[in-house]
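This report covers a pocket and a sheet in one protein model. The sequence and structure are shown first.

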Amino acid sequence: MADNTTSGTGLDRILTLEIARVTERAAVAAARLRGRGDEKAADQVAVDAMRQELNRLPIDGTVVIGEGERDEAPMLYIGEEVGTKDGAAVDIALDPLEGTTICAKNLPNSLAVIAIAERGSLLYAPDVYMEKIAIGPGYPEGTVKLDASPTDNIHAVAKAKGVAVHEITACILDRPRHAKLIDEVRATGAAIRLIGDGDVAGVIHTTDPEETGIDIYLGIGGAPEGVLAAAALRCIGGQMEGRLELNTPEKIARAKKMGIEDPNKIYTMVEMATGDVLFSATGVTDGNLLQGVKFAHDGISTHTIVMRSSSKTVREIKARHQDLDKFS
């Protein structure tokens, strides 16, 4: 498919295949450790592979959403600079292995994920929890609200979709902190898809409920995953709100250093990811969204989606890599 974007934006030099290679390399590295039960090792190899590929890109990149706020090398930490420094100044949000537990157990929907945007376009937030709500495209603006009750949001989605409440399915992380949320959603008559990990995929699944069976995402997950999910929705379409869980003086202080003055602020999708955004995700394990990495004696197969907000272009890339040395 031809790229319909116009020239002149800061991201024009970042080609679709280049950002795809970043997540492909991380996914292949992690996939070699699928089902081995070692979350840290899988995360480590994904980080190393993603960093190596990022440093080949013609960008002046800064990680604003990463795996920590200080230099905790070898992690890709918030504030780390990547790229050749020869190109556009960009912000980067990333998760080299989204769903580390999923990968370690070889369960569905583990991904390698990255979003790249023009400098100043991504929410610069501490690595804390975030309360989130998200739905896909096709609904009137403001259909769901973070401050509304789960009951009201479920009914609002059902009304906007033109179906009974029992035909709505909510995706929620399976965590003890969500016990009351789960009870309330079930009391409405709606169904729930509980996931053990991987809430970037959970949010993205709301964009195609006919395929995934998920209409709405609710609950508390990681802030990095929230920004990544918002970047994806900017490209596909949908609605999302998030609020950082800044519930201790230490967290409030950390956030203030990053320019966040209001610890109770609700961020819209556009406030979390504005401007021109590129998003790429490659499957590590098989899932509803993407197939996992496949190994064969003569090559490696990967399945990636690459999206751009300015053109609303969504590319699906099924690649066969025969130069195995590049993925060793």
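The model is predicted. Its largest pocket holds about 590 Å³ of space. Of the 25 residues that line this pocket, Asp95, Thr100, Asp127, Gly222 and Glu225 are the closest to its centre. By class, the lining consists of 12 charged, eight nonpolar and five polar residues. Helix H2 (39-54), strand E3 (88-98), strand E8 (216-222) and helix H8 (223-236) each contribute at least two residues to the lining. E3 gives the most, with four residues.

E8 also belongs to an open sheet of six strands with mixed pairing, in the order E7-E6-E8-E5-E9-E10. Strand E7 (191-195) and strand E10 (267-268) lie at the edges; each has a single partner strand, so one side of each has no neighbour in the sheet. Within the sheet, strand E5 (residues 129-135) pairs with E8 in the antiparallel sense over seven bridges. Glu131 stands opposite Ile220 in E8.

| Helix | Residues | Strands touched | Angle |
|---|---|---|---|
| H4 | 150-161 | E5, E6 (169-173), E8 | about 140° with E8 |
| H5 | 179-188 | E6, E7, E8 | about 150° with E7 |

How values were computed. Residues are numbered from 1 along each chain as its sequence is written. This is a predicted model: local features need pLDDT of at least 70, side-chain atom pairs count only at pLDDT 80 or more; totals for chains, interfaces and linings use all residues. Side-chain values use heavy atoms; hydrogens and water are left out. On a 1 Å grid over the protein atoms alone, a cavity is a set of points where a 1.4 Å probe fits but cannot get out, and a pocket is an open set with protein on both sides within 12 Å along at least five of seven lines; lining residues have an atom within 4 Å of a point. Grid points are joined across faces, edges and corners, and a volume is the space filled by probe spheres set on the points. Ala, Val, Leu, Ile, Met, Phe, Trp, Tyr, Cys and Pro count as nonpolar, Asp, Glu, Lys and Arg as charged, and the others, Gly among them, as polar. Two strands pair if DSSP finds at least two bridges between them. Contact means heavy atoms within 4.5 Å. Axes are lines fitted to C-alpha atoms, for helices over the stretch in contact, and angles run from 0 to 180 degrees between N-to-C directions.
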